[in-house]
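Dear colleague,

Please find below the structure that I am handing over to you, together with its sequence.

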Amino acid sequence: MNLAEQPPPFIPSASEYILDNFEPTDRIAMLVLNRDFGETVQRITSARKAASPEFQAWLRYKNANGSDIYIGMNPLKKHAATRTKEEIESIKHVYLDLDQGGSEALEAIENSSVVPKPNYVLNSSPEKHQVVWRVEGMNLEEAEGLLHAMAREFGGDPAATDATRVLRVPGFANKKYETNFYVEARRESTETYHLRDFKLHIDSQDSPRHNYDNRAKRESSPRTNLSQSEHDWAFAKRALARGDDPEEVIRQIARYRNSDKSDPENYARLTVTKARAEMDGAKRQSGPDRSPDTTSSDNPERTV
């Protein structure tokens, strides 16, 4: 087949994207984030229900009213109520978030001999991309080590290197800019990859614990006259605003303050509670939220 005869790339709708990346019975996290109101709503439901017309209509309503729409890329356990590492059922995807030099980084990936052809490339905003590979046979430690190694190799966002990360959903507007930018995905491969298909060297510097510690220290290190506690609170607010799970934020702060707090976990929990209180105050002003099947056990409401 010559170039002129090649079929056009598959550009999926949101529903098609969800069902192409997950089994219908997989439980996945859908995140709805409104930065103007400080509102973050998480729904954990089946891929089938997330792709349903009713659920998609609710997502379109939230998007039209200022919310960004995200999806967790790894399925959760049957009775999961939060999007934490402990609740991950299996690793189905690895990914890169290309915020800086996106087009050049994407070209490097597509011409690289160390990573296979991605399954999907999403245009998430002007000159920014999210790249997704479908995988199997990886455990969480292997996947996160690979995520860190790929981010280091191609200049990906180091904050998008954990297995609970959420990515954008095609077909919805990116609300971070004055003008709506509609996210589009194109499928480049239908293969399912294994760790051996990625030729990157993964060492101790790519371990999840090493990188979480560095991230906490980097975002909490004093740069102003704020106290360390105020820096911890600011770190918690930033993490919650970008959709990080509160329990993961608590663990990061507790680990960082382990040497100077008698009860670091309690301290971290109070810090995150304080950060959430300010965000929840703005959320209450926006009024009650209604979404499909809010009383169904298959679609519990979770605010993170």
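Strands β5 (120-125) and β6 (128-134) run antiparallel and are joined by 5 bridges. Helices (H or I, at least four residues) and strands (E, at least two) are DSSP runs, numbered from the N terminus, and two strands pair if DSSP finds at least two bridges between them.

Please note that this is a predicted model, in which local features need pLDDT of at least 70 and side-chain atom pairs count only at pLDDT 80 or more, while totals for chains, interfaces and linings use all residues. Residues are numbered from 1 along each chain as its sequence is written, and side-chain values use heavy atoms, with hydrogens and water left out.

Glu-127 lies in the loop between β5 and β6 and has a positive phi of about 65°, although it is not a glycine. Most residues other than glycine have a negative phi. Glu-127 is exposed, with a relative accessible area of 53%; here buried means under 20% relative accessible area, exposed over 50%, and partly exposed in between (1.4 Å probe, protein chains only).

β6 also pairs with strand β4 (residues 93-98), in the antiparallel sense and over 6 bridges. In that pairing, Tyr-95 stands opposite Val-132 in β6. Because 6 of the 7 residues of β6 are buried, this strand is largely enclosed by the rest of the structure.

In strand β1 (residues 27-34), 8 of the 8 residues are buried, so the strand is largely enclosed by the rest of the structure. Both of its faces are covered: one side carries Arg-27, Ala-29, Leu-31 and Leu-33, the other Ile-28, Met-30, Val-32 and Asn-34, and all are buried.

β1 pairs with two strands, described here in turn. With β2 (residues 39-46) the pairing is antiparallel over 8 bridges, and Met-30 has Arg-43 as its bridge partner in β2. With β3 (residues 68-72) the pairing is again antiparallel, over 4 bridges, and Leu-31 has Tyr-70 as its bridge partner in β3.

The hairpin of β1 and β2 has 4 residues between the strands, and Gly-38 takes a positive phi near 65° there. Asp-36 is found in the loop between β1 and β2 and, at 69% relative accessibility, counts as exposed. The C-alpha atoms of Asp-36 and Gly-66 are separated by 7.6 Å, although these residues are 30 residues apart along the chain.

The buried residues of helix α1 (residues 14-21) are Ala-14, Ser-15, Tyr-17, Ile-18 and Asn-21. Seen down the axis of α1, they fall within an arc of 165°, so they line one face of the helix; the arc is that of the directions from the helix axis to the C-beta atoms.

The structure holds 4 aromatic pairs. Rings of Phe, Tyr and Trp (its six-membered ring) pair if their centres lie within 6.5 Å; planes under 30 degrees apart count as stacked, over 60 as edge-to-face and the rest as tilted. The rings of Tyr-17 and Tyr-120 have their centres 5.0 Å apart and their planes at 75°, so this pair is edge-to-face. The pair links distant parts of the chain, with Tyr-17 in helix α1 and Tyr-120 in strand β5, 103 residues apart. Tyr-17 counts as buried at 1% relative accessibility, and Tyr-120 counts as buried at 0%.

The rings of Tyr-193 and Phe-198 have their centres 6.4 Å apart and their planes at 80°, so this pair is edge-to-face. Both Tyr-193 and Phe-198 are buried, and together with Trp-133 they form one aromatic cluster.

**The largest pocket**

The largest pocket has a volume of about 420 Å³. Of the 21 residues that line this pocket, the closest to its centre are Tyr-70, Asp-97, Asp-99, Asp-157 and Lys-176. On a 1 Å grid over the protein atoms alone, a pocket is an open set of points where a 1.4 Å probe fits, with protein on both sides within 12 Å along at least five of seven lines; lining residues have an atom within 4 Å of a point. Grid points are joined across faces, edges and corners, and the volume is the space filled by probe spheres set on the points.

β7 (166-168) is among the elements that give two or more residues to the lining, and β7 gives the most, with 3 residues. The lining divides into 8 nonpolar, 4 polar and 9 charged residues; Ala, Val, Leu, Ile, Met, Phe, Trp, Tyr, Cys and Pro count as nonpolar, Asp, Glu, Lys and Arg as charged, and the others, Gly among them, as polar.

Yours sincerely
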